[in-house]
Amino acid sequence: MAAIIEARSLQKYFIESTGRIADLFFRRKKILKAVDSVDLTVNRNETVGVVGESGCGKSTLGRTMIRLYEPDGGRIIFKYDDITHLKGDELKKYRRFMQIVFQNPYSSLNPRQKIKDIIKRPLDLHGFDDSMKLVYEALDNVGLPKDYAERYPHQLSGGERQRAALARAIALRPELVVADEVTSSVDVSIQAQILRLLKKLQEELKLSYLFISHDLSVVRTISQRIAVMYLGKVVEEAATDELFANPLHPYTAALFASIPDIDTPWEPQLLKGEASSLYSVVKGCRFQPRCPYAKQICSEEEPPFKEYGKNHKAACWLYER
Ligand SMILES: Nc1ncnc2c1ncn2[C@@H]1O[C@H](COP(=O)(O)OP(=O)(O)OP(=O)(O)O)[C@@H](O)[C@H]1O
Ligand code: SF4
Ligand SMILES: [Mg+2]
């Protein structure tokens, strides 16, 4: 399968002042490794889910992969092109093909603009001539009536706003859409509609998705493959069915054990300990402070992220012989 986008050892760090006077004096800063050497590929026409607890770096990974954030290390390959350090017009050529839809359609749509202007703006920025025609096409694609073009965001329901946000993203005919918690702010019945719409758009427009969510059952419904993130790192990645049938990493197993009605051999006994923070990731395996299976090497060396089954990768010393 051909890749649409690849992150190779991708890093994104945030640097913050500690706020302490002594640290200011010595210019000491805290480094938060939000994305810490991540390898992840999304293939054409595929949906890759990214799951993990709040703050583990999912959104930062998505944004860095499509170059909304400047990476601090590693590489990003879009199709066959290295886009890691592109700037200005060079980067703009790729922006069109990599779009993002955010969790909150209340804040991501400008309340002072009509829906038609919200969808049309990026089309104009990218120099499309027939932009109004494309606006109507996009509305039609997401199942919103033509006259919604004249409405303001506050005249739409939550689900309709999320459709409008999707229309803005797909109007540009992207190849990759990062869907960041797109179903988190709507209720369950609307969630199902949005998921069906995403699948329909994927088929019709040949889209690839990086689907970020902390909701495992939603990710399971839509993704062919899932990457599990823990404190800035992907700790496991496999095809969806394989991952649910055979979770290798104790953190993945703990996540699954936390969802009701999932047939898993693991007991919901994990995640008791204190997680280390992104500021102070422990030596060795970052899950070690919470892992009941930890052995000596776990606190000494970071486990390699390796294939332990067909297309099934994990970072855990339990599987290393
Ligand atoms: N622009 C930023 N500047 C500084 N720190 C940031 C920035 N964006 C994210 N962070 C920090 O990076 C870490 C990862 O954040 P991120 O938003 O990627 O997590 P997430 O997995 O998407 O969480 P959630 O599930 O809550 O959306 C967090 O500690 C967050 O505070
Ligand atoms: S490497 Fe060790 S501490 Fe980390 S998840 Fe595996 S067993 Fe647990
Ligand atoms: Mg997020």
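Author: Strands β4 and β5 (residues 81-82) run antiparallel and are joined by two bridges, where a strand is a DSSP run of E with at least two residues, a helix is a run of H or I with at least four, both numbered from the N terminus, and pairing requires at least two DSSP bridges. This is a predicted model, in which local features need pLDDT of at least 70 and side-chain atom pairs count only at pLDDT 80 or more, while totals for chains, interfaces and linings use all residues. Residues are numbered from 1 along each chain as its sequence is written, chains are lettered from A and ligands numbered from 1 in the order in which they are written, and side-chain values use heavy atoms, with hydrogens and water left out.

The structure holds eight aromatic pairs, a pair being Phe, Tyr or Trp rings (for Trp the six-membered one) with centres within 6.5 Å, called stacked if the planes are under 30 degrees apart, edge-to-face if over 60 and tilted otherwise. One of these pairs, F78 with F97, is stacked, at 6.5 Å centre to centre and 25° between the planes. That pair links distant parts of the chain, since F78 belongs to β4 (residues 73-78) and F97 to the loop between α3 (88-95) and β6, 19 residues apart.

β6 leads on to an open sheet of eight strands with mixed pairing, in the order β6-β7-β8-β3-β9-β10-β12-β11. Because β6 (98-101) and β11 (306-309) stand at its edges with a single partner strand each, one side of each is left without a neighbour in the sheet. Elsewhere in this order, β3 (residues 47-51) and β8 (residues 208-212) pair in the parallel sense over four bridges, with T47 opposite Y209 of β8.

Ligand 1 is surrounded by 15 residues, the closest being S54, G55, K58, S59 and T60, where a residue counts if one of its heavy atoms lies within 4 Å. Oxygen atoms of ligand 1 lie 2.7 Å from a backbone N or O atom of G55, 3.0 Å from a polar backbone atom of G57 and 2.8 Å from an N or O atom in the side chain of S59, the cut-off for a polar contact being 3.5 Å between N or O atoms. To this shell α2 gives the most, with three residues.

Methods: A polar contact is a pair of N or O atoms within 3.5 Å; within protein, one must be able to donate a hydrogen and the other to accept it, and residues adjacent in sequence count only if both atoms are side-chain atoms.
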